[in-house]
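Here are some friendly notes to read alongside the model. Take them one point at a time, and keep the 3D view open as you go.

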Amino acid sequence: MSKKITLFLPYNGFNYTQKTVTSFLSSGLVAEIYLLSTKQDVPEIENCKILFVENLLSTAAIKEIIARSTTEITAVVKQDTLLELGQFALDRFISIAENTSGGLVYSDYYEIKDDVRQPHPTIDYQEGSLRDDFNFGYLLLFNTEAIKKLQFNESYNFGGLYDLRLKVSQKNKIIRIGEFLYSSIETDERKSGEKLFDYVDPRNRSTQIEMEKVCTNHLKSIGAYLEPNFEKIDFDKTDFKVEASVVIPVKNRVKTISDAIQSVLKQKTNFAFNLLIVDNYSDDGTTEKIEAFAKQDTRIIHLIPARKELGIGGCWNEAVHHSNCGKFAVQLDSDDMYSDENTLQKIVNKFYEENVAAVIGSYLMTNFQLEQLPPGVIDHKEWTPENGRNNALRINGLGAPRAFYTPVLREVKIPNVSYGEDYSVVLAISRRYQIGRIYEPLYFCRRWEGNTDSALSIVQMNNHNFYKDKIRTFELLARKNKVKSGK
């Protein structure tokens, strides 16, 4: 096999880069290696060319990479980190790339932690894998002919690589090799729950604005972009026993359910409301606590579903389709709390003020003692009335608390799962209706060891991400049909 690869990797002058270079050159398949540096004075490495770029992820850097690659495959290492190739790894990459005509090929890999290799599987790419933080691993192999055909009409400082892979996906297959073909050093050792909110960190705002533009242009290119035209709602056509219902699905939250209930009961409103608690067969004392509250306050409706296979989404359906559900269904998780007694009134007001089918608030990250945790307020200010529903396909969450106009929610229905069910239903609703936003904190999101996403394994994180990508794929296809039909 001849030398079919031109390699590009970030370089800050560290010694381990030499090991990476040696690993690639020993394969006999690499024709040229370019070290991408943002510094002018880095030490040279034999058999490599140093290529100065102002920003490693910029469109300008991507154009330089494409222009200088003269081989069949253009290989890009995403981070300045040690990379050790496995046995015949590049042979395998090239074979798969050629046999599948893949525009982009990536693989599983090992992470080296304390000199121990731990497997890090990736997930298959889908049409809905629009997240800019989709994990391809550290090594991406592009078909050079495919990327040389691309047109770059926009110039980005941070979104160049994201723009490149979305453009590649429009006309080429993206192929995952489910084999561990190389090893790398993990540089971000935070728990999953700590990484979860990086995209809403205010320090990353300028990057996120660019990423939104990249994604929006991609949606326009593939016929999935929705213009800011929304269906109107007539709130007077319905008859409900109460104006609003707070919905709490719960299973085994004996430590937190009392705080959640009390934060609802102290709400001050100019309308009638109730609390629907869907108790999904708790066996830790949660049921008894709910029953005690229900005996003292008739606004509490304690529901135990007949079905025993329900996830969080299924419990929501039980509440929303119950005869006592109000005109608006408002979310509260069983381990969280409303921030003050005016939350419910503010949410309901927003429905009428902006004629929206759903309202999403903001929340404060706290510990169990309600002390603020980084990154603090999660407000999702990246949302705009004009483009929020398009950008929603790029990000992994939309905020809390969430509230819905009940007739619309009954029509859409919620997937019977315990992760991503809220994201799925908001995407579906936003396809037709406007979503209202409240940017002041209405909600305390309490992080503790019992949270479902506090410290997930790689396999669990992959399962979650794959499911959300699947949701996005379904929604992307629905939006393409909507655009095509003009309805």
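1. Let's begin with strand 17, which is covered on both faces: Arg402 and Phe404 on one side, and Ala403 and Tyr405 on the other, are all buried. Buried means under 20% relative accessible area, exposed means over 50%, and partly exposed is in between, using a 1.4 Å probe and protein chains only. Helices (H or I, at least four residues) and strands (E, at least two) are DSSP runs, numbered from the N terminus. In a regular strand the side chains alternate between the two faces of the sheet.

2. Before going further, please note that this is a predicted model: local features need pLDDT of at least 70, side-chain atom pairs count only at pLDDT 80 or more, and totals for chains, interfaces and linings use all residues. Residues are numbered from 1 along each chain as its sequence is written, and side-chain values use heavy atoms, with hydrogens and water left out.

3. Which strands pair with strand 17? Strand 13 (residues 328-331) runs antiparallel to strand 17 and is joined to it by 3 bridges, with Phe328 opposite Tyr405. Strand 15 (residues 358-366) is also antiparallel to strand 17, again through 3 bridges, and here Ala358 faces Phe404. Two strands pair if DSSP finds at least two bridges between them.

4. Two cis peptide bonds deserve a look. One joins Ala400 and Pro401, with omega about -5 degrees; Pro401 sits in the loop between helix 12 (388-391) and strand 17 (402-405). Another joins Pro374 and Pro375, with omega about 0 degrees, and Pro375 belongs to strand 16 (residues 372-378). For background, most residues other than glycine have a negative phi, and most peptide bonds are trans.

5. Next, some positive phi values. Asn252 is not a glycine, yet its phi is about 55 degrees; this residue is in the loop between strand 10 (244-250) and helix 8 (257-265). Lys413 has a positive phi near 70 degrees and lies in the loop between helix 13 (406-412) and helix 14 (421-430). Are these residues buried or partly exposed? Asn252 is partly exposed, with a relative accessible area of 26%, and Lys413 is partly exposed at 45%.

6. Now find strand 6 (residues 102-113). Because 10 of its 12 residues are buried, strand 6 is largely enclosed by the rest of the structure. Strand 6 runs parallel to strand 9 (residues 173-185), joined by 9 bridges, and Ser107 stands opposite Ile177. With strand 8 (residues 139-143), strand 6 pairs in the antiparallel sense over 2 bridges, where Leu104 is opposite Phe142. Strand 7 (residues 116-120) pairs with strand 6 in the antiparallel sense over 5 bridges, and Ile112 has Arg117 as its bridge partner. The hairpin of strand 6 and strand 7 has 2 residues between the strands, and Asp114 takes a positive phi near 55 degrees there.

7. Finally, compare two helix pairs. Helix 14 and helix 15 (residues 458-485) pack at an angle of about 10 degrees, with axes 10 Å apart, which makes helix 14 roughly parallel to helix 15. Helix 2 (residues 59-68) and helix 5 (residues 160-171) pack at about 55 degrees, with axes 7 Å apart, so helix 2 is oblique to helix 5. Axes are lines fitted to C-alpha atoms, for helices over the stretch in contact, and angles run from 0 to 180 degrees between N-to-C directions. Angles under 35 degrees count as roughly parallel, over 145 as roughly antiparallel, 65 to 115 as roughly perpendicular and the rest as oblique. As for burial, 9 of the 10 residues of helix 14 are buried.
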